[in-house]
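Have the viewer open and follow along.

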Amino acid sequence: MNLLVQSPIQIAWVTTDLEATETALTGLLGVRKWIRMPEVHFAPDSCTYRGRPADFVAGVSLSYLGDMQLELLAPVRGENIYSDFLRDHGPGLHHICVEAESPDRFDAAVADAAARGANVVQEGTMPGGLRFAYVAAPQSGVPFLEIAYLSPEIKAFYDYIKQEQR
């Protein structure tokens, strides 16, 4: 499976200030509305960070530009790849995301990325059935590639956010 032939579904930034980044991208890109979730918990029973149970909180803000989802992430507490990125690089473009069409394809895509030498640095399952894995891909010019499986419930939520742009 070659993930590079799939079209990205999301572009994401890490920031220290969700509101300021929302304002900047609204002005630059013409985004109409952001849906903000101020404290999303990535729990140790369902997420890992660098191979160990994760326990962190991040603010998340979502919007759309056409069919492309825009995601902003602001770490609140705990160790995670978002706070690592801010410490090492400051705010900026963090990852692009490609979608796996099924749970089996998600597992295969993550295994394929690992077989090609990519390190899985953060992964998990969120309420609603969103599965994600971040693989380190510095040779791509983007710090991370996210592989995601979007359950029907998550797709319905994302469709709602997209409708808010009209």
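## Helix α2 and its ends

Start with N80, which caps the N-terminal end of α2: one of its side-chain oxygens sits 2.9 Å from the backbone nitrogen of Y82. That's a polar contact, meaning a pair of N or O atoms within 3.5 Å; within protein, one must be able to donate a hydrogen and the other to accept it, and residues adjacent in sequence count only if both atoms are side-chain atoms. Helices (H or I, at least four residues) and strands (E, at least two) are DSSP runs, numbered from the N terminus. Before going on: this is a predicted model, where local features need pLDDT of at least 70 and side-chain atom pairs count only at pLDDT 80 or more, while totals for chains, interfaces and linings use all residues. Residues are numbered from 1 along each chain as its sequence is written, and side-chain values use heavy atoms, with hydrogens and water left out.

Helix α2 covers residues 81-89, and its buried residues are I81, Y82, D84, F85 and L86. Buried means under 20% relative accessible area, exposed over 50%, and partly exposed in between (1.4 Å probe, protein chains only). Y82 also has a side-chain polar contact of 3.5 Å with Q122, a residue of strand β8 (residues 120-126). Q122 counts as buried because its relative accessibility is 1%. Just past α2, G90 takes a positive phi of about 80°.

## Salt bridges

How many salt bridges does the structure hold? There are eleven, each one a side-chain nitrogen of Lys or Arg within 4 Å of a carboxyl oxygen of Asp or Glu. One of them pairs K33 with E164 at 2.8 Å, N to O. K33 is partly exposed at 35% relative accessibility, and E164 is partly exposed at 25%.

K155 and E99 form another, with their closest N and O atoms 3.1 Å apart. K155 is in helix α4 and E99 in strand β7, so this bridge ties together parts that are 56 residues apart in sequence. Then there's D107 with R131, at 2.6 Å, N to O. Here helix α3 (residues 103-115) supplies D107 and strand β9 supplies R131, so the parts tied together are 24 residues apart in sequence. Salt bridges that share partners also join R50, D84, R87 and D88 into one network.

E146 is found in strand β10. E146 is buried but has no salt bridge, and the nearest side chain of opposite charge, R131, is 11 Å away. (Lys and Arg count as positive and Asp and Glu as negative; His and the chain ends are not counted.) What E146 does have is a side-chain polar contact of 3.0 Å with H95.

## The largest pocket

The largest pocket holds about 500 Å³ of space. Of its 29 lining residues, the closest to the centre are Q69, L130, L150, I154 and Y158. On a 1 Å grid over the protein atoms alone, a pocket is an open set of points where a 1.4 Å probe fits, with protein on both sides within 12 Å along at least five of seven lines; lining residues have an atom within 4 Å of a point. Grid points are joined across faces, edges and corners, and the volume is the space filled by probe spheres set on them.

Which helix gives the largest share of the lining? That's α4, with six residues.
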